[in-house]
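Welcome to this short tour. Have your viewer ready, and select each stop as we come to it.

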Amino acid sequence: MFGSGVLRGMLVTLRHFVETYTEDPRRVKARAATPNAVRQTPNDARGLFTVQYPEEKLAIPERFRFYPMLIVDGTTGQDWCTSCGICAKVCPPQCIWIVRGTQPNGKPKPEPEEFYLDTTICMQCGYCAEFCPFDAIKMNHDYELSAYERHESAIYNKEMLSVTTTFYARTHPRAWAEESAVRAEKEARDKAKAAPATPAPAPVAAAPAPGPAPTGAASTRP
Amino acid sequence: MAAVIDPLIHTSPAPSLDQAFPDVVSIDAGGATVVQADRLLEVSRYLRDQMGYTYLANMTAVDYPDHLEAVYHLYPMKVIGNEPSQGLIIKAHATDKDDPVIPSVTSVWPGANFQEREVYDMYGIRFAGHPYLRRVLMWDGFEGWPLRKDYHEAYYEGDTKPFASRWPGGHHVRAEERARFARNVAYPRHWDPAKATSPDESLPVVDVSELNTIHTQKFVINMGPQHPSTHGVFRMQVTLDGETVVDVMPVIGYLHRNHEKIGERNMWLQNMPFTDRLDYFCSMGNNTGYALAVEKLMGVEPPERAEYIRVIMQEFTRVQNHLFGLGQFLSDLGAFFTPILYAIENRELILDLFEMTSGSRMMCNYMRFGGVAYDLPPEFMPLAHELAFERLPREIDELEEYLTANEILHSRTIGVGVLPAEAAIGLSISGPLLRASGVKYDIRRHQPYGIYDRFDFEIPTRPNGDLYDRYLIRVAEVRQSIRILQQAFNSLPDGPILAGRKAWQIRVPKGEAYGRVENPKGETGFFVVSDGTANPYRYHVRAPSFVNIQALREMSIGFKIADIVANLGSIDIVLGELDR
C-alpha cells in the first residue's frame, strides 16, 4: 500500500519518543539533581543520550588528552622536567618554548627556567607526553578553559602548567601506577649497579605513594 | 540499467610500454616509467585503451632542483593476467622551471581535471589542452607557486622542524608577529583588482533564448560558501534554466591551509596528527594510510595484534562515518534531524571507544610507523564486542526499517543524480560512489593492505548509480564492516603492538611510496618522497572528497536545483580534506 513505508517509519520514531520517557527515569535516577554528576552512556541505551551540561558531565576516560601539564614532585616541589627539549622538538606545531636553566658556572642545569605553551596553536596530539623520557609532561583532562581575550591568557607559562604528582595520580591512576612501577624497577637496577658488592635488592613491591601537595605549587586549574 | 562491472575480469595482456614505445619511455631508479613529455598523451591513450589502465588514482608533482616532475598513479579496473595489479607509475618531466609545460591528460582520464588544476595552482605547471586551467585552491590573484621549494609562506620560520628558536633559549613569540606581510595585505605585483576577471565571467551567464512567446534567461546563482547544505565553506556556481541545472562549478579552497607544505616542513612522525585534520570523521583511516606509505619505505611490518587493532579501528570508522553520512544525506533531502540524531547516538558510542583507546574522539593520532600508539584498554573489549555483535546490527536494521521503504525517500532519490559507471571510472571516482554506479572495486579486496585478505566480506554494488543506490550501498557497507569487526574480535591475538622501539627521530630510507587505503569516502592516498633525511621531501595527499566532487557536475546536469543539494550530500564530502 502506498504510504505504508512512511507509516512504518513513523512507528519507529514514536517508539523512540516513548522510550525516552520510559527508560530514562529507570536508568538515570535523579537527572541533573546532583551537582557535578558524571554520566557514561551505556551501550544498550535507547532513550536520551544527552547530558545536562554543566550540571552533568560525561565521564572522561583516563587517556583523554587536552593541553599538556608539567609534573612537579609532590613532596619536594621539584620539577620533574630536566629541560632536555624533546617535547619542544617533537611538537608538531612547535608550540613549546623552553629556556634551559643555567648553573652559576654557566653549565646547563637540568631544570627549565621558563616553559611556555602556546595554546592557540597546540593541537593536543599528546606527543610531548608520549616521548618525554622523564614522565615530566602529561596531558591534562581539564577542558573548561574559556578566557576573555586570546593573547596573554592563551600563552601558558610554567606556573600555569605545573601540577603536582598528587594531582596526576588522581586523574591518571592507571598510568601513574604503571609508570611508578617502571621507575621503581629502574631505580633498583641503578642501585644494584652502583653497589655491586651488596646482594641483589629486594623486588620493589608497591609504587611510591604520591606526596602531599606543596603549598603554592599547584596551578589554579586543578 | 547498467550492468555491474566486475574488475576481476581477465583480459589478455598487451605489449608492455617499453615494447610499444621503445624510445619514448625509460625506467627510473625507483621503477617508475618516465615518459617524454611531448609524447605523454599518446602513451596515455595506449595505456588506457590497450593496457587497461582506465583508472587514474592519483596525479601530483614533485619539485626537484633541476626539473619539475608530474607523477601519475594508474590502476587497471580490469585485472590483467592472474594477479591483482600493483598499478603503474608514470612520470613526465618539465625542465624549464620558468614556464613548465606538460600536456594535459584530461582527454584520456577526465578525473585528472581537478588534480591537474591543483598541480598548476601549487607548482605552476601549465597543462596544455586543459579545459579550465585556473587556480583551484588559492585565489586567482595569488602570486607564487606555494609548493615549490623556494616559496616561503607567511609565517615562515625555517625549512624544516624542529625550529632552533624553541630550545634551549625558547622565549615565546606569537606566530602573528612573524608574519611577512605584517598587518598589511598587499596585492601581488602583477595583479590589479580593477582589471581582474572573476571566474564567473567565463561561465555562460546570460543566454537570452530566441523564443517568440516567453523570453527566458539562464542565470547563475551561488550556493555557498555559507549555506547550510554545503557541509562547510563550499561554494557551487550553479547555472540554471528555470529550475533545471545547466552547469555546476564547485568553487573550493576556503579552508585551504596547504597541508602538504606543512607536511614537508614537519618531521615524518609530526605529520601523523596533521592527517587527523584531513577527513576528521575518519582520522583512524587517514593515520593508517600515512603509516602504510611510510612503512613501505621503512620496510617495517606491524605486529599481528597491531594489524588487528588497525582493522577494528578502520571498520568502526567506516560504520560511524556511513551512519553520519546517511544522516547528513537525509537531512539534505529534508528529513530534518531524525535520521542524523539516531545516527549520532550510535556514532557517539563508537567515538567513546576511540577516546578511551587513543585519547581523542576525532583527532585520534593513533597509528605509528610499525604499529599503534597504545594497546586497547581493558574496558574496550566488552563494550566493543557488545556494539559489534548486538547494538550495531540491531540499529542498522532499525535504520532500514524506517527509511528503506519510505515512499518520500523513493520519490526524491530513485532515478535522480545518476552517475554512469563509465563516467565514474573516467572521473577517478572511488569509494561507495563508484560501487553504487556498479563498479565492483574496493582497495581492501583488489590491493589488500594490512590483513584485509584474511577477512571474509563482500563488496556490495548497486546497478543504477542514483541517489537511492548510494543510500543502499552505505547501508550494505555498514553491514559488511560489522561482519569484519565480528571476525576480528573472534581472532584478535595477544602480543606486542609496535614493531621496534617507540622513536620520534625517524629517518626514512631514500625512495618514494604511495600508500592507499579504502577510507569510508573513497581512496585516501599518501604519496611520500624521502631524500633520506628526517623530513619528507614531498608529501602529497590524494583526498577522496577532492576527486569525488568532480562527479557533482556529471550527476546534477539536467536535474532540478533541489537535487543538487541531495547530490552533494550523497557524495559525502568533508571540507577538511577537500580544501586541505
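Start by selecting A:W176. Is this residue buried or exposed? It counts as buried, because 20 C-beta neighbours lie inside 10 Å of A:W176, and 20 is the number at which a residue is called buried. Keep in mind that you are looking at a predicted model.

Now colour the element around this tryptophan. A:W176 sits in helix α6 of chain A, which covers residues 173–194.

Next, show the partners of A:W176. Setting aside neighbours within four places in sequence, A:W176 is in contact with A:Y168 and A:A169.

Zoom out to the whole of chain A. How many helices and strands does chain A have? There are six helices and eight strands, and along the sequence they follow the pattern α-β-β-β-α-β-β-α-β-β-α-β-α-α. Of the 222 residues in chain A, 25% are buried. Among the chain A contacts with a separation of 6 or more, 68% are between residues 24 or more positions apart.

For the last stop, move to chain B and select helix α17, residues 561–571. This helix is largely enclosed by the rest of the structure, because nine of its 11 residues are buried. Finally, click on B:D572, which follows α17(B) and has a positive phi, near 65°.

Technical notes:
Residues numbered from 1 in each chain as written. Chains lettered and ligands numbered in written order. Predicted model: local features only at pLDDT ≥ 70, side-chain atom pairs only at ≥ 80, totals over all residues. Helix = DSSP H or I, 4+ residues; strand = E, 2+ residues; numbered from the N terminus. Buried ≥ 20, exposed ≤ 12 C-beta atoms within 10 Å, placed from the backbone. Contact = placed C-beta atoms within 7 Å.
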